[in-house]
Structures are given as structure tokens and as C-alpha cells.
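Subject: Structure for you to look at

Hello,

Here is the structure I promised. Please open it first, then read my notes below.

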Number of protein chains: 2
Amino acid sequence: MSPRLELSRLSLNQITVEQWSLPEVVEGCGRAGLTMLGPWRHKVAEVGVEEAGRRIRAAGLRVSSLCRGGFFPAADGVGLRAADRDNRRAVEEAAMLGTDVLVLVCGPPIGRDVEGARTQILAGIERLVPHAEDLGVRLAIEPLHPMMISERSAIVTLGEANDLAERFDAHRVGVVVDAYHVWWDPRLYEEIARAGRRIFGYHVADWLVPTTDRLQGRGMMGAGVIELKRIRAAVEDAGYDGPIEVEVINRHAWQRPGDEIVTEACESFLRAA
Amino acid sequence: MSPRLELSRLSLNQITVEQWSLPEVVEGCGRAGLTMLGPWRHKVAEVGVEEAGRRIRAAGLRVSSLCRGGFFPAADGVGLRAADRDNRRAVEEAAMLGTDVLVLVCGPPIGRDVEGARTQILAGIERLVPHAEDLGVRLAIEPLHPMMISERSAIVTLGEANDLAERFDAHRVGVVVDAYHVWWDPRLYEEIARAGRRIFGYHVADWLVPTTDRLQGRGMMGAGVIELKRIRAAVEDAGYDGPIEVEVINRHAWQRPGDEIVTEACESFLRAA
């Protein structure tokens, strides 16, 4: 097993405290002694990217990644061009916020066309890579759990994300390993090893039994059944020693005081991640 | 695409009309002009296997498969032996009901031990095969959707089911392809081709968007986003020409008159499966 975690590895993914604005989460990180944040674009947009960057820098926080670009599939050329524009903008926002990692949630199929979506995703990444390279931003494909295929992502296995990433330079396109999304996979450990230096991020949460909400029903680390320590060891054996984002999407937690959630996140991270 | 379906290919999986007892579903099949039934063991047990078999035969119905054996993982030897006894009994019930296919839902992990569960599943199948062979019953491993891993099955991809099946004689252990469970898989079509003559059953339902219930929220064929005709064509190209079970697990449907559900099942089968 890996050495004991320190809080210095923890990056707070902002969706964990969706009830907070960007300024609020920056202040909350400070109160908790955290040094890294993973902001979401809709929260950044509320204050504007310049102001968000200013506050994050003023608080001495590092941005581990920006969530999220992607959503490539579209029904027509107008939709594809709109997705391209939004993704170029996401790359620019990442650079402005001082992170070199843009998370890509690759978007659901249009209707029944899963294969077409996967083709559009590859083409969309191809179009995005030069702009990302210009700005020094790496693209991190995040496979989501297969139960989210129709709402969020046609890319649902780490193997498929690796297949996509390997079409590009290893310094430009990689993957995010999110334990919640990939833990069920019988090929998990070989695909983590295969990803190797292409692992641009590692996210943790836990799978509650039962899971009553497919999209917003995650648990704090240790509250569920994922072998988190084993998966972290595999990710570290593959060469990753960067930030570990706590991304606990849970709509019940969003009804509670943010500081309570951050405290729980820190405690469960140290104990169970 | 495959030729147009006939109702003679349809087997009514009993869980589609969970509101009905075994005698009721036998009568309902008769009213709908159906010739095949896929009974569930808890419904068979209500009337006893001899009486169930008698009624099914008297109605001239064929049993396409029996749902279900499996649930191999256990926390201790007592649990493992109980699972073995139940699985041997399931094989016997299949034979008594006149079907040569027993569906195996291979059971969830105990706690966090997914790998241990998979090891127990292989060992459990190994212990069951000789008895199944003696009674002329084939074992059909059904991979379930990864969102069901903690409640139902540690086997969640067709690839993994194929890996398991290939350890045994191709006439003894195979797979069930259930479109609802496997449609999301980027390796779907290659794994269907690989399964080939080991496909012992094909099940259909549809994936609703949104899916509001992980376990009991399936739709009738055509109501969702699964490319059912394409998947059927792949299953048929792989060599399967047997019964197609309609297995629409939907708790809302269970509140409605069974005959309405059977009528919808037949119509959507002919139109969209």
C-alpha cells in the first residue's frame, strides 16, 4: 500500500460544495488549510474568469484542473461549431486560471448513435489539440461510469479513454482516473498501468450501497465499497504523484453548511483515500 | 439489418409481468398467442416446480430459460455451501421445467472485494458444471450493467463473461446477451462475435432517458436509446437464432394490468427489437 496521505495532496473539486460560489470556496479552502482547488466553469463564469483567477491567486491556491470541456457530439454543423468554440474558450480559461489540465467530459450520444458520438469525440479532440498546445494546456479525457452514458459521456471505460489518448502526443492528451467512474471495471488495473504517464488527474469519491441517485449520489471516501487505497496505489505505481481531487457529487451534501462538507472531505481523504 | 421479427421468436420473461403468478402468466401467454416463457424461480416456487411444469406443458408453452442461478460470492464456507446447494437445485428445476438453459446472475461482491467475488464466481461455476452436465442443462452467464455491481453481479461486461465461459466446454457454459446490460460497451460488437455459439440467450428491453430507477426502470423496446436492431443483427450474425426474451423490469408497469403490458411487449418487439 501507498504511504499515508497528507492534506497537501488534496485538491477540493468545487462540485463537492456546489452550494458555494467561487469566492466562497476560495475562502473555505483557506479556512480548511487546503492549498489546491478544482474549479468548475459555471462557477467561474458567475464572477468572470479574471476575477476568479485573481481571487485564487490572492489566496495562494493552486488550480489542479478545470472542469470541464468536452461535450463534442452534436446533431449538426452548427452544434459542432458551437462545441468547438466553447472548448477553445475552456482551454483559454484553464490557462488564465493557471492550470495546465482541462478535464474533458466527452458528451453523450445524440439519440441512439453511440458510435457516431465516439467518432465526433475523436474529431473534436483533434481540432482542439493545437489550440491547447499553443496555450500549454493538457487535455484530460475523463471516462464516466456507463450509467451516465446518455446524459454525460459516450466515453465510459478507461480502456476507451486510453485508446483515444494514445492517438496523440503523451504530453498533450491523457486521462483522468476517477475512482467512482472506473472501479467496477474488470480491466481496471491493466488500464491504469497502461495509462502510465498519461494520467493527468486522479479523482476520489465512494460508491454508496444502495446508490439512490445516478448522478448526484456519491459518498465520502470510506462510506462505500470502492477499494480506494488499492486504486490509488495502482495510480501511483503508474507514475502519478499529482493532486488528488475530492469530487463528491451529492445533492444532500449541498443542503448542508459547506464547512462541514470540507471537514468531512479532509477527514475521509486522510483516512480512506 | 435482420429480417423482420415474428412473434414466434418472442419469449416472455416473467419479470416483465411481475404482478402475475406463474399460473397467471401461463394463461396470459396463451391469450397473447405467445409460445415461449422465461420463468423466474421465486414465481415457480410459489406453486412448486412440479405444478409449474405441469401447467406450462399443459398450455403448450416452451421454457426458453430459467431465471436464475448464480449469487456465488459468500462471506464464509457456510454461505458458499448454501449457494452451491441452491445452484444445484436451480439446475434441477431447469431440467424439470424442460429447459436446457439456466441463467446465472453471478452475485455481488462481499463488501469491497470485487476480485475475490470474481474468483468465487469461477470456482462456483466449476463446482456446478458436472451436475448441470448430468442433467443436460447449459449454464448461461449473464453480465449485468456496471451500475448493478453492488446489488446483483460482479460480472459486468460481456468480455468478462466470455473470459469465464471460455474456461469450459462451449456446449456447457456460455453467456446471455442482454441488450440493456451491455449496449454501452465500446467492445460490444467484438465481444458478441467472440461469444459466437456460446450465446445461449438474447434479452431485450430499452434504456430510458432519463433512467430514474437503476434496477426497475427499463423501457419497452423503441422507447429508449439502445440500437436494438443493430445488436440483434450482431447476435444473429454470431450464430444465435433462438428465443428472444422480453425482459422489461419496470416497477410502474407492475402496477398496471398484465395483459396491457404483454400487448405492449408484443407490439414493441415486432416494431423495434
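Contact here means heavy atoms within 4.5 Å. On that basis, chain B brings 29 residues to the contact and chain A brings 29 residues. Please keep in mind that this is a predicted model.

The interface comes first. About 2500 Å² is buried between chain B and chain A. Carbon and sulfur atoms give 57% of that area. Two salt bridges are counted between the two chains, B and A. In one salt bridge, the side chain of B:R230 meets that of A:E115, at 2.8 Å from N to O. There are also 10 residue pairs in polar contact across the interface of chain B and chain A, with both residues at pLDDT 80 or more.

Which helix gives the most to the side of chain B that touches chain A? Helix α5 of chain B (residues 114-135) does, with three residues. By class, that side of chain B has 13 nonpolar, seven polar and nine charged residues.

Now the core. In soluble globular proteins, nonpolar side chains tend to be buried together. The largest nonpolar core here has 175 residues. A:I125 and B:I125 touch the most other members of it. Leaving out residues up to four places away in sequence, B:I125 touches B:F72, B:L104, B:L139, B:I141, B:L164, B:F168 and B:V173.

Last, one residue on chain A. A:R85 sits in helix α4 (residues 77-96) of chain A. Is A:R85 buried or exposed? A:R85 counts as exposed because its relative accessibility is 56%, and exposed means over 50%. A:R85 and A:L128 are 43 residues apart in sequence, and their C-alpha atoms are 9.5 Å apart in space.

Best wishes

Key: Residues numbered from 1 in each chain as written. Chains lettered and ligands numbered in written order. Predicted model: local features only at pLDDT ≥ 70, side-chain atom pairs only at ≥ 80, totals over all residues. Heavy atoms only, no water. Core = buried A, V, L, I, M, F, W, Y, C linked by side-chain atoms within 4.5 Å. Buried < 20%, exposed > 50% of the residue type's maximum accessible area, 1.4 Å probe, protein only. Buried area = accessible area lost by both parts, 1.4 Å probe. Salt bridge = Lys/Arg side-chain N within 4 Å of Asp/Glu carboxyl O. Polar contact = N/O pair within 3.5 Å; in protein donor to acceptor, adjacent residues only side chain to side chain. Helix = DSSP H or I, 4+ residues; strand = E, 2+ residues; numbered from the N terminus. Nonpolar A, V, L, I, M, F, W, Y, C, P; charged D, E, K, R; others polar.
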